[in-house]
Amino acid sequence: MIFQQRIAGAMRALLLAFIFAYALSNEIAPQPALAPFIGTAMLVWLLLEFSKMALVAQVTAAAALLLAALSWANGTLDGDILVKAVGRAAFFTWFILSMDLLRAAAQRSRMVRETGRVLVEQPPGRRYLMLTLGSHFFALLMNLGAVTLLGTVTRAATEGARDARVAEIRLQRMSVAIVRGFAAGTLWLPTSITVQVVVTTIPDFQWHDLAAQGAATAIAFMGLGWLIDRLDHPIRPPGAFAHTLASTLAKLVPLVMLTIGMLLVASGLTAVSGLRPIAGLLCVVPCFGLAWLAMQKRGAGLVTVPRLWARVLQRQVLPELATLRSEVAILTSAGFIAVLLPRQVDTVALAALIGDHHLAGAMLLVPMLWLLAAAAPFGLNPIVSVAACLEIVVNLPGVDLPAPALALAATVAWCMASGMSPLGATIRIMARCISRPPIRIGLSWNGPYTLWIGLAATGVLFVIS
C-alpha cells in the first residue's frame with residue numbers, strides 16, 4: 001500500500017515537472033506540437049488529485065472540463081485556441097511551483113521569523129504601520145505564507161492578556177493590518193498571481209507598465225488604512241518597548257535588499273534573453289530560493305549544500321505541492337476558462353450593447369470593478385472572474401479601453417475581494433491563525449475599509465479614463 005502511494009506520488013510530481021518544463025520552454029520558443037501531450041498530462045494529474053481537492057477547486061476544474069466539452073461540441077475548440085489555453089494553464093502551474101521554492105526558503109529563515117516577531121512587538125500606534133508594511137514585503141517572498149507567519153505571531157502576542165476587551169481590539173487591529181498589507185500586494189507585486197493574470201491577458205502590457213501605477217495605488221491604500229486606524233484608535237502615551245523605530249526599520253533592510261536584488265537579476269536576465277519580464281522573474285525566483293537555502297547553511301560546505309537542497313525538496317517542497325493541489329487546480333482551470341470562455345460569448349453583440357448604452361471608459365470599468373469585487377463573497381473566485389472578464393473585455397470589437405485603467409480596475413477588484421471575502425484564501429488563513437470567524441474578519445472588521453478603497457478607485461477611474 002505504501003509502495004503504491006509512493007508510485008502515485010512520484011507520478012503526480014513527474015506530471016507537474018513535465019508541465020513546468022513545457023511552460024519554461026514555451027516562453028523561450030513556442031512549442032505548439034507539444035500542447036496536446038501537456039494537455040493530456042494536466043488531465044491525468046487532475047483525475048489523480050481530484051478526490052483530494054477542496055470543493056471550490058473541484059467545481060472550478062469541473063467547469064473547465066465542461067467548458068472544453070461544450071467548445072468541442074459547438075466547434076469553437078480549434079487547434080490554435082487549445083494551444084493558447086494549455087499554454088496559459090501551464091504558465092500558472094509554473095508560477096506556483098517557482099513561488100513555492102522561494103516560500104520554502106523564506107519560512108526556514110530565522111531572519112524572517114525574527115522580523116515577524118519584531119513587527120508585532122511595537123507600540124500600538126506604530127504596530128499597525130509596521131505590520132502593514134511587513135506583510136506587504138513578506139507577500140513578495142512568501143505569498144500566502146506571509147499571512148500564516150504573521151497571523152500565528154499575532155495570535156501568540158495577544159494570548160494571556162488580562163483585559164479581554166483590550167486583547168480583542170489589539171487582535172483586530174493587528175489582523176486587519178496584515179490582511180490589508182497583503183491585499184495591497186495584488187496591486188503591483190510581480191510575484192502576485194493577480195499581476196500574472198493581468199499581464200498575461202492584456203495585450204502588450206508588461207509588469208513594468210503596471211509597477212509605478214500599482215505601487216502608488218498600494219501606498220495610497222495602505223496609507224488610507226493607517227489613517228482609519230488612527231482615527232478609530234487615537235494615540236496613547238507609549239510605554240517601554242524594546243524596539244525603536246530605527247531598529248525595526250533596520251530589521252526590514254535585508255528583506256528589502258533581497259527583493260531589490262531579485263528584481264534586478266530578473267531584469268538583467270530579461271534584457272539578455274529576450275524573455276518577458278514575468279517569465280524572467282519566474283526563472284530567477286527558484287534560483288534565489290535555492291541560494292537562500294544555501295546561505296542559511298553557509299557553514300556546511302559545498303558538499304553538504306546539495307544534500308540540503310535535496311532534503312528540503314524531498315521533505316518540504318514536494319510534500320507541500322501535494323497540499324497545493326487545490327491552488328494548482330484552481331489556477332490552471334482559471335487560465336483555461338479565461339481563454340475558452342470568450343469564444344462562447346457573442347462579443348460583437350456585447351460590444352453593440354455597450355455602444356448603444358454609451359458605456360465607454362469609466363462607465364464600463366467602474367461597474368466591472370464593483371461586480372467582480374461583490375461576486376467574491378458569494379463564491380466566485382477572482383482568479384476565475386477577473387481572468388475571464390479581462391479576456392472578454394480585451395476581445396470586444398470596437399471597445400478600446402486604456403490598458404492602465406483596465407489593469408487598475410482589475411487589480412483593485414481583486415484587492416477588494418482578497419481583503420473581504422470570507423471564502424477567499426487570505427481571510428480563511430487569517431481566521432484559522434487567530435481562531436475567529438472569517439465573516440467577522442472579512443466583512444465586519446475589514447468590510448468598511450474595503451468599501452472606502454472601492455470608492456477611491458472609482459474616483460480615480462473617472463479621472464484617468
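Arg432 is placed in helix α19, which spans residues 425-434; helices here are DSSP runs of H or I with at least four residues, numbered from the N terminus. The model is a predicted one, in which local features need pLDDT of at least 70 and side-chain atom pairs count only at pLDDT 80 or more, whereas totals for chains, interfaces and linings use all residues. Residues are numbered from 1 along each chain as its sequence is written, and side-chain values use heavy atoms, with hydrogens and water left out. The relative accessible area of Arg432 is 60%, so Arg432 is exposed (buried means under 20% relative accessible area, exposed over 50%, and partly exposed in between, with a 1.4 Å probe and protein chains only). The C-alpha atom of Arg432 is 8.7 Å from that of Gly151, a residue 281 positions away along the chain.

Ser333 belongs to helix α14 (residues 325-340). With a relative accessibility of 5%, Ser333 counts as buried. When residues up to four places away in sequence are not counted, Ser333 touches Thr60, Ala61 and Ala64, a contact being heavy atoms within 4.5 Å.

Aromatic rings were examined next. A pair of aromatic rings is described by the distance of the centres and the angle of the planes. Rings of Phe, Tyr and Trp (its six-membered ring) pair if their centres lie within 6.5 Å, and planes under 30 degrees apart count as stacked, over 60 as edge-to-face and the rest as tilted. This rule gives 3 aromatic pairs. In one of them, Phe20 and Trp94 have ring centres 6.3 Å apart and planes at 80°, so this pair is edge-to-face. Because Phe20 lies in helix α1 (residues 2-28) and Trp94 in helix α4 (residues 79-108), the pair ties together parts that are 74 residues apart in sequence. Phe20 is partly exposed at 23% relative accessibility, while Trp94 is buried at 1%.

Trp94 also forms an edge-to-face pair with Phe91, with 5.8 Å from centre to centre and 85° between the planes. Phe91 and Trp94 are 3 residues apart in helix α4 and are therefore separated by about one helical turn. Phe91 is buried, at 3% relative accessibility. Phe20, Phe91, Phe92 and Trp94 form one aromatic cluster.

Charges over ring faces were assigned where NZ of Lys or CZ of Arg is within 6 Å of the ring centre and within 35 degrees of the ring normal. Arg276 lies over the face of Phe91, 5.0 Å from the ring centre. Arg180 is placed over the face of Tyr449, at 4.2 Å from the ring centre.

Key. Helix = DSSP H or I, 4+ residues; strand = E, 2+ residues; numbered from the N terminus.
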